[in-house]
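Visitor: I have a model open and would like to go through it piece by piece. Can you take questions as they come?

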Amino acid sequence: MNFKDKNIGYALTGSFCTFKDTIEQIKKLVELKANVYPVFSFNSQNMDTKFGKAKDFMDEIESITGNKIIKTIEQAEPIGPKNYLDAFIIAPCTGNTLAKLNSGICDTPVLMACKAHIRNNKPVIIAVSTNDALGANMKNIGSMINKKNIYFVPFGQDDYIKKPKSIVAHFSEIPKTIYSALNGEQIQPIIKEYNNN
Ligand SMILES: Cc1cc2nc3c(=O)[nH]c(=O)nc-3n(C[C@H](O)[C@H](O)[C@H](O)COP(=O)(O)O)c2cc1C
């Protein structure tokens with residue numbers, strides 16, 4: 001798997017518990033020669049949580065990718081007219097961002113970047129991470145999975161005993177999912193169990 005000459009938009013929304021895992025995948029993509037353009041939602045830029053400080057995450061990602069984080073809607077908009085991305089991934093994708101995406105709402109840098117990229121008819125990859133995936137957001141997963149140019153990172157129930165409606169993508173499958181999406185294919189199986197259940 002080689003991503004030489006591929007430009008990948010990589011968006012983080014506010015599922016903070018998965019930031020460490022997603023940063024590992026950003027490192028892998030860079031090792032595989034991808035040029036990664038990071039994008040943060042307003043909430044992921046501004047919330048310090050028990051999982052770490054927003055600024056520390058942003059500094060780390062800028063240093064791994066060598067690219068400045070896209071932090072505003074204005075900075076994200078040129079992705080459409082300049083058409084410089086080959087693929088765009090939202091990892092993690094919160095229930096909030098997924099619901100907005102499915103409803104055509106565009107009020108964060110991540111949603112603007114995604115909308116701009118979709119206009120160019122190229123792949124969008126979603127790594128969902130939300131406690132209500134099998135609840136309020138089930139309809140949004142169902143609707144998005146059925147759309148052209150949308151691919152899902154395989155996901156499973158991360159803790160069906162304590163969080164019976166929660167689903168989290170298998171972040172380690174991100175490079176493979178992007179690689180297949182660039183060739184127009186959804187990797188399978190999409191539903192994959194977690195071993196810790
Ligand atoms: C510590 C913490 C952890 C969170 N984890 C998640 C999560 O795993 N999944 C999710 O959908 N929302 C999670 N949220 C809620 C989102 O951050 C919230 O819905 C926010 O509005 C998301 O905005 P965004 O999608 O624009 O980033 C969490 C919030 C906090 C404070």
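Visitor: What do the buried residues of α9 pack against?

Guide: They pack against β1 (7-12), α1 (19-31), β3 (87-93), β4 and β5. The model is predicted, so local features need pLDDT of at least 70, side-chain atom pairs count only at pLDDT 80 or more, and totals for chains, interfaces and linings use all residues. Residues are numbered from 1 along each chain as its sequence is written. Helices (H or I, at least four residues) and strands (E, at least two) are DSSP runs, numbered from the N terminus.

Visitor: Which residues of α9 are buried?

Guide: In α9 (residues 174-182) they are Ile-174, Pro-175, Thr-177, Ile-178 and Ala-181. Seen down the axis of α9, these residues fall within an arc of 165 degrees, so they line one face of the helix. The arc is that of the directions from the helix axis to the C-beta atoms. A residue is buried if 20 or more other C-beta atoms lie within 10 Å of its own, exposed if 12 or fewer, and partly exposed in between, with C-beta atoms placed from the backbone.

Visitor: And which residues are buried in α8?

Guide: Asn-140, Ile-141 and Met-144 are the buried residues of α8 (residues 138-145). Down the axis of α8 they fall within an arc of 100 degrees, so they line one face of the helix. The face turned away from that buried side carries the exposed residues Lys-139 and Gly-142. The buried residues of α8 pack against α6 (95-103), β4 (124-130) and β5 (150-152); contact is counted when two C-beta atoms, placed from the backbone, lie within 7 Å.

Visitor: Switching to the ligand. How many residues surround it?

Guide: There are 17, and the closest are Thr-13, Gly-14, Ser-15, Ser-41 and Thr-94.

Visitor: How do the shell residues divide into nonpolar, polar and charged?

Guide: 3 are nonpolar, 14 are polar and none is charged. Ala, Val, Leu, Ile, Met, Phe, Trp, Tyr, Cys and Pro count as nonpolar, Asp, Glu, Lys and Arg as charged, and the others, Gly among them, as polar.

Visitor: Now the largest nonpolar core. Which residues touch the most other members?

Guide: Of its 54 residues, these are Ile-8, Ile-89, Ala-113, Ile-126, Ala-127 and Val-128. Such a core is a set of buried Ala, Val, Leu, Ile, Met, Phe, Trp, Tyr and Cys residues joined through C-beta atoms within 7 Å. Not counting residues up to four places away in sequence, Ala-113 touches Gly-9, Ala-11, Val-39, Ile-70, Ala-76, Ile-79 and Phe-88.

Visitor: What is phi at Lys-33?

Guide: Phi of Lys-33 is positive, about 80 degrees, although the residue is not a glycine. Lys-33 sits in the loop between α1 and β2 (35-40).

Visitor: Is Asp-5 buried or exposed?

Guide: Asp-5 counts as exposed because it has 9 C-beta neighbours inside 10 Å. Its phi is near 70 degrees, also a positive value in a residue other than glycine.

Notes: Near = placed C-beta within 6 Å.
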